[in-house]
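Subject: Structure handover

Hi,

Here is the structure I promised to pass on.

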Amino acid sequence: MDSMQQGFQHSQAVSTSIESKTGLKSAVGFQWHNGSLSSVTVNFEGIPEKHTIQELSDISKQAISAEFKQKPDHVVLSFVLK
């Protein structure tokens, strides 16, 4: 299996993990640089009402580390405004 396909599987698993803990759907993107995970973006569908930004950050970082098996240089959280 190539690393890009693995990356997409990891991003879907991160999204599923975050949704199971928060109830919020998200889209997860990632960027590699020289074999290292440089950035992961978690784009939430809307603004959370039940979780603080810090809680979402902690949940996201934990899911990313667990699924990608490494910590990225940067994690970006974003929210879709309808």
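This is a predicted model: local features need pLDDT of at least 70, side-chain atom pairs count only at pLDDT 80 or more; totals for chains, interfaces and linings use all residues.

Residues are numbered from 1 along each chain as its sequence is written, and side-chain values use heavy atoms, with hydrogens and water left out.

The fold first. The protein has two helices and three strands, in the order α-β-β-α-β from the N terminus. (Helices are DSSP runs of H or I with at least four residues, strands are runs of E with at least two, and both are numbered from the N terminus.)

On size, the radius of gyration is 12 Å, which agrees with the value near 12 Å for a compact globule of 82 residues. That radius is taken over C-alpha atoms, and the globule rule is 2.2 Å times the number of residues to the power 0.38. Along the principal axes, the C-alpha atoms fill a box of roughly 35 × 25 × 20 Å.

Of the 82 residues, 34% count as buried (under 20% relative accessible area; exposed is over 50%, partly exposed is in between, with a 1.4 Å probe and protein chains only). Take contacts (heavy atoms within 4.5 Å) between residues at least 6 apart in sequence: 59% of them join residues at least 24 apart.

Next, helix α2, residues 53–68. The buried residues of α2 are Leu 56, Ser 57, Ile 59, Ser 60, Ala 63, Ile 64 and Phe 68.

Now the backbone. Most residues other than glycine have a negative phi. Lys 69 sits in the loop between α2 and β3 (74–79) and counts as exposed, at 68% relative accessibility.

Asn 34 also has a positive phi, near 50°, without being a glycine. You'll find Asn 34 in the loop between β1 (26–33) and β2 (36–44); with a relative accessible area of 73%, Asn 34 is exposed.

Cheers
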